[in-house]
Amino acid sequence: MIKENNKMTRDNDKNIAMSDDQQTIQNITDQDYKYGFVTDIEMEAFPKGLDENIVRMISAKKKEPEFMTEWRLKAYRHWRKQKEPKWPKLKYSEVDYEDLYYYAAPKKEAPKSLDEVDPELLATFEKLGVPLEERELLAGVAVDAVIDSVSVATTFKGKLGELGIIFCPISEAIQEHPELVKKYLGTVVPYTDNFYATLNSAVFSDGSFVYIPPGVRCPMELSSYFRINASKTGQFERTLIVADKGSYVSYLEGCTAPMRDENQLHAAVVELIALDDAEIKYSTVQNWYAGNKEGVGGIFNFVTKRGLCAGNNSKISWTQVETGSAITWKYPSCVLKGDKSVGEFYSVALTNNYQQADTGTKMIHLGKNTRSLIISKGISAGKSNNTYRGLVKVNKKAENARNYSQCDSLLIGDQCGAHTYPYLEIENPSAQVEHEATTSKVSEDQIFYLNQRGISTEDAVGMIVSGYAREVFQQLPMEFAVEAQALMSVSLEGSVG
Amino acid sequence: MLSIKNLQVSVDEKPILKGLNLEVKAGEIHAIMGPNGSGKSTLAHVLSGREGYRVDAGSAHYKGLDLLEMAPEIRAREGMFLAFQYPIEIPGVNNTSFLKKALNEVRKHRGEEELDAIDFLSLIKKQMNLVEMKEDLLKRPVNQGFSGGEKKRNEILQMAVLNPTLAILDETDSGLDIDALRIVAGGVNKLRTPENAFVIITHYQRLLDYIVPDFVHVLSDGQIIKSGTKELAYELEERGYDWLLEDSEKV
Ligand SMILES: Nc1ncnc2c1ncn2[C@@H]1O[C@H](COP(=O)(O)OP(=O)(O)OP(=O)(O)O)[C@@H](O)[C@H]1O
Ligand SMILES: [Mg+2]
């Protein structure tokens, strides 16, 4: 019961007096990015720009086996032939790929325990409200923290090791479990997939690797905090999660970033593979720097996330809370290959000021009796644009496929936009596909009602928004749900007068 | 406690309240009656700080504070409560969490410690009995899908939890069945102390059988045209408003 309460209350005690004018729900935020600070850890960077040499250097630096170097080079050569895609609903200045650093890592060697972790980094996590040691003790979360490109803290390894679970930086997995990496890397998101995924394949620096052996239920939430830190360093995380037959894992990804006045590129790739009867739950809270209130700066977030339900009765569930970034381009997807496999997508995407989000999912039904569920909650405030783009595809052979999609938009003020593009490609007549969509506004009546009960306008909007997005928050693990709501409130601060 | 002098309020250039005077002292119960559209809800809204109203003249003071200068949430934290004629639905927001947040805002404002979940739940259980509300309504989103009567009871529950100094009840009796009416009235009577006051807007004398007012006022076309004791309510029930309107025109 306490948990439920925590979810809905926020200890934010700002009393913003209502402005005299009647534009209750219009004004634009003046709130600076709360988590805008830079960690002062020495960085070791390669020269700017990208060529085959840089790719080889990255691979060599990581002491990778030959097959990885070759794979990266194939990706690099393919990337050179690609053009950056142009997306109808996104507007941004072009990224100069020759002006980026493609590798950066803290200079010090990776420590073996928390005691060896750079105190500066620990302090950073403290500031973010993510004290590693507390998480470790209280929440039983194993943390694989990524600062920039190299993992610097891994906990609970022993405990997980006893169960045969592998949870480590992907760079380590490449060295110590090359057979697993070789078997699965690029099988869900091939290096030819799209411009950003191809670039990632060539230069990915680090990320997480998870393998759950057959029949094992991972006893704790696996978690990783990403943080963009080195100036002008493109971030190319690569995550690979394999749930073997009959296993289960829940993985959390969350991040905040320090303030920067130049756009930063982030092109991550996440691949999930669930074999027969396995289940993967992947949750994200994303709060990267969104740019200032004029829309300058902020992270460009072009992410490729895809899960393959390879086995029968397998299940993959994506939950995302997106509040940050100047631009978000992201479609966590499920390929439902196994018979009776299930794909789920729960999303809250919040945009404020000049933020742009083009996000959604793809559910590809290949196997028989496959099911998918899409719950998307868009929230637009300020002058932002929020687009849902979703595809439900039912292949010829996918007998009795079922999909239910619910795509809601909530508007705060009247200068923002919400767009919904549900695409359907149905090749099998036995498919049952349902789509519902609503658009609503935060009403002045609702705000006044909460005001009259002593709740400030800002808190009122936070509550209304949290209520609206409840179905999605309920999918998140408890600690994460609280954090997610806090991040949303921060993102909405000042969005109402 | 509440002192309204010559209050003139308009909406979209249309005058609604046209020089309203009202004095409410601690310990008193005032009933306001009057025809549809006379400005009763407008008065309640202006007093609680709803936007969209323009005050053209006059003043309203509450506990010596200039009410019209205060943000609505500050008025609420200072102990003003409005039971809405039409309670608002807040989808997805849990009724209990909402109430806990509201109470803690008031407590914080008073410099009191915030209640944790356990203390709050025991308080709310007690107050639920007062309004005989079904427990499952607490677990549901605020007012969402509540029946008309359930919404009204929920308003009274909120009042009981927040324990206001000045409560304005806008037609809380409308839409209540006889039993509910008795329960709601009983709740008000139990909350009544020499330190607080109630302004009860109603169309029906029936409610005043249960909550006995010290004063009854008739609001018509934005002004209080007659004030009296509870006998006035009986007279209104019998004769309607027309005779009063005619009287006031003669004056
Ligand atoms: N936003 C508005 N725009 C235009 N007119 C309004 C607005 N709000 C109130 N009014 C008008 O003000 C007058 C008073 O309304 P109010 O709701 O205060 O009446 P009331 O006395 O509460 O009536 P009832 O007994 O029906 O509840 C009505 O004529 C109403 O139409
Ligand atoms: Mg009314």
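How many disulfides does the count give over all chains? Zero, where a disulfide is a pair of cysteine sulfur atoms within 2.5 Å. This is a predicted model: local features need pLDDT of at least 70, side-chain atom pairs count only at pLDDT 80 or more, and totals for chains, interfaces and linings use all residues. Residues are numbered from 1 along each chain as its sequence is written, chains are lettered from A and ligands numbered from 1 in the order written, and side-chain values use heavy atoms, without hydrogens and water.

**View 1. Cysteines of chain A.** The sulfur of C334(A) lies 5.7 Å from its closest cysteine sulfur, in C309(A), so the pair is too far apart for a bond.

**View 2. The shell around ligand 1.** Ligand 1 is surrounded by 15 residues, each with a heavy atom within 4 Å of the ligand. The closest are G37(B), K40(B), S41(B), T42(B) and H203(B). Helix 1 of chain B (a DSSP run of H or I, at least four residues) gives the most, with three residues.

**View 3. Polar contacts of ligand 1.** These are pairs of N or O atoms within 3.5 Å. A polar side-chain atom of N36(B) sits 3.0 Å from a ligand 1 oxygen. A backbone N or O atom of G39(B) is also 3.0 Å from an oxygen atom of ligand 1. For S41(B), a polar backbone atom is 2.8 Å from a ligand 1 oxygen.

Technical notes: Polar contact = N/O pair within 3.5 Å; in protein donor to acceptor, adjacent residues only side chain to side chain. Helix = DSSP H or I, 4+ residues; strand = E, 2+ residues; numbered from the N terminus.
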